[in-house]
Each structure stands twice: as C-alpha cells, then as structure tokens.
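This report looks at a few selected places in one protein chain. Please have the sequence and the structure at hand while reading.

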Amino acid sequence: MNALYEKSLDLNLLRVFVVVAETGSVTAAAARLYLTQPAVSAALRRLTSAVGAPLFVRSGRGLELSARGRRLLATARPHLEALVEAALAPATFDPRSSERTVRLGLSDASESWLLPRLLEVLAREAPKMRLVVLPAQFRNVGALLSTSAVDLAMTVADELPPNIRRLPLFHEGFVCLFDPRHARPGKRFTLERYLEHEHVIVSYNGDLRGVVEDVLGIQRKVRVSIPSFHGVGDLVEGSALVATLPGMVARHVLALRPALRTVKPPFVVEGAPLELLWRATSEDDEALRFVREHVARIARSQSPAA
C-alpha cells in the first residue's frame with residue numbers, strides 16, 4: 001500500500017486549524033465553523049498530537065502561529081482550497097476543444113446509417129473527438145457495458161444488469177427483401193410461397209437459425225447464413241434469395257440497390273426495440289451525454305414515424 005494511505009489524519013482537523021490561524025481566536029473560529037469552542041479546542045489538540053509539535057502560542061487574548069504552525073499553514077491552505085474548488089466546481093465540457101475518445105457499441109444493422117451522420121455532427125461541433133466502434137448485439141452488450149469495453153451502445157437487448165440505463169429509440173418490424181428479376185413472391189406472399197424460396201439469414205451463432213426459426217419455430221430453406229447484415233444486399237441482388245430483415249436495414253439496402261424490392265412477410269415478428277444503453281455511473285459524464293443526445297436524435301430521425 002502507498003505510504004500516504006498508511007497514515008491516518010482527519011482532514012477536518014486541518015480545516016479547523018486554517019480557520020483558527022486566519023482568525024487568531026478559538027472563539028471566532030468556532031463561530032465561523034458553526035462549532036462549539038470545546039469542539040474547536042479538541043480538534044486543535046488532536047492535530048497538535050498528530051503533528052508532534054505546538055502549532056500555536058498564546059499572545060495576549062489571542063493565538064499566534066508557531067514556526068511549525070506557519071509551515072503547516074503555508075502547505076495546507078492551498079491544498080484545502082484546491083480540494084474545495086475541485087469538489088464544488090461545476091462540470092465543464094467544451095465540445096469544440098474536447099479530445100475525448102468515445103467507445104461506441106453498435107449492432108451491424110445500425111452502423112451504416114448511424115455512423116456517417118454521427119461523424120458529420122462531430123466534424124461540425126466536436127472536431128477533436130474520436131470514436132472507437134465495437135460490434136454489439138443482444139448476446140454481448142451487457143458484458144461490453146459492464147466491463148467498460150464500451151461507453152454506450154445502440155442495439156436491441158434482452159435482460160441487462162440493473163446499473164444499465166435504457167432509452168428506447170424506436171420499434172420496427174421485419175420485411176422481406178428480394179430481387180424481382182429472379183424471385184417471385186406473387187401478389188399474395190403466403191407462408192407457403194415464403195417457404196418455397198431459398199433464404200439468406202443473419203446468424204450471430206454461426207448456424208442455420210435466424211429470427212424466424214427462433215421466434216416462430218419455422219424452418220426455412222437456408223442457402224447461406226452470414227454473421228452480419230452488411231452483405232445481405234450483395235447476396236440478394238441478382239439471385240432468387242429472400243432475406244427477412246429489420247425495416248431500417250432494408251431501407252438502407254434499397255437506397256443503394258434500387259432494383260430490389262420489399263414485401264411484408266406472411267407472419268408477424270415484432271422483434272425488440274432499438275435502444276440506447278449506458279452505465280448509470282456515466283449518467284453525468286458531459287462528453288458522453290453529448291454523444292448520447294446526438295445518437296438518439298439521429299436514430300429517431302430515421303424512424304418511419306419521424
């Protein structure tokens with residue numbers, strides 16, 4: 001253990017000492033500190049015992065500092081003032097000058113539409129701030145936040161520790177993405193026609209089960225299982241594959257690949273809401289609050305209800 005912490009001294013004794021030194025009187029110091037005279041006298045005796053040398057000498061009806069007392073006052077007062085100022089000073093955060101690095105956990109379904117807009121905001125309002133982005137999804141986001149691997153995250157989530165704050169952003173269902181030049185869902189996309197098609201799915205487990213299998217218990221003809229949504233558009237375009245994916249992801253794919261189309265699936269899979277997540281201990285962190293507010297604003301602007 002550091003030798004500094006092996007020594008025990010009540011810092012309130014130093015506060016009493018400084019006020020007595022400034023007033024030159026136990027009575028005046030007691031009035032300023034809202035203490036009784038015996039309490040002030042007892043504090044001085046305890047400090048004198050800890051220091052091992054007299055700190056004051058009697059001078060008429062008042063007190064004067066001894067040589068040891070003068071040295072202690074010169075050393076202690078600036079530190080006490082600094083401690084009080086540090087405790088009471090309001091938080092200061094200037095986005096224009098902040099060089100903070102924020103670690104952001106994002107689902108692969110969110111990166112493509114959130115990051116470009118967030119970087120535009122930072123370039124304009126906080127040009128020195130930096131982002132480190134890590135993949136986050138419902139299976140690992142709790143651990144990422146609890147271990148401080150990320151400062152905040154945006155994804156869907158199940159049960160989380162009670163020290164994690166949650167802000168729902170929006171809730172959107174799933175759609176089916178297909179290439180009309182190759183896939184033929186028909187005018188009525190029935191469950192039978194849906195199951196006739198081959199599918200591309202996104203599986204975080206590296207298996208042949210996606211949200212349809214997990215929620216509805218339906219087994220599709222899975223041609224390919226991939227670990228993220230990034231490659232879905234590449235695989236669907238030019239093929240007869242169908243992808244069942246969140247509406248937000250589908251809109252981004254369609255913006256890049258206008259030849260593709262979407263159709264409502266022949267079932268209802270609500271999914272979980274997209275949420276912004278952070279630790280309770282960072283609630284009053286001004287830099288993280290700045291980023292959280294912009295992430296929430298951007299996300300809500302992308303909601304179909306916006």
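Ser 148 lies in the loop between helix H7 (141-146) and strand S5 (152-155). Helices (H or I, at least four residues) and strands (E, at least two) are DSSP runs, numbered from the N terminus. The model is predicted: local features need pLDDT of at least 70 and side-chain atom pairs count only at pLDDT 80 or more, while totals for chains, interfaces and linings use all residues. Residues are numbered from 1 along each chain as its sequence is written, and side-chain values use heavy atoms, with hydrogens and water left out.

**Two residues with positive phi**

Most residues other than glycine have a negative phi. Ser 148 is not a glycine, yet has a positive phi of about 65°. Tyr 34, also not a glycine, has a positive phi of about 60°. Tyr 34 lies in the loop between H3 and helix H4 (37-51).

**Accessibility**

Buried means under 20% relative accessible area, exposed over 50%, and partly exposed in between (1.4 Å probe, protein chains only).

| Residue | Relative accessible area | Class |
|---|---|---|
| Ser 148 | 41% | partly exposed |
| Tyr 34 | 78% | exposed |
| Ser 66 | 11% | buried |
| Ile 164 | 7% | buried |

Ser 66 is placed in the loop between strand S2 (62-65) and helix H5 (67-88). Its side chain reaches the backbone nitrogen of Gly 69 at 3.0 Å. Contact means heavy atoms within 4.5 Å. Leaving aside neighbours within four places in sequence, Ser 66 is in contact with Pro 54, Leu 55 and Phe 56.

Ile 164 belongs to strand S6 (residues 164-170). With neighbours within four places in sequence again left aside, Ile 164 is in contact with Leu 145, Leu 277, Trp 278 and Arg 279. Between the C-alpha atoms of Ile 164 and Pro 273, which are 109 residues apart along the chain, the separation is 16 Å.

**A pair of helices**

Two packed helices are described by the angle between their axes and the distance between the axes. Helix H2 (residues 11-23) and helix H3 (residues 26-33) pack at about 125°, with axes 8 Å apart. Axes are lines fitted to C-alpha atoms, for helices over the stretch in contact, and angles run from 0 to 180 degrees between N-to-C directions. H2 and H3 are therefore oblique to each other; angles under 35 degrees count as roughly parallel, over 145 as roughly antiparallel, 65 to 115 as roughly perpendicular and the rest as oblique. On the H2 side, the residues making the contact include Arg 15 and Val 16, and on the H3 side they include Ala 28 and Leu 33.

Notes:
Polar contact = N/O pair within 3.5 Å; in protein donor to acceptor, adjacent residues only side chain to side chain.
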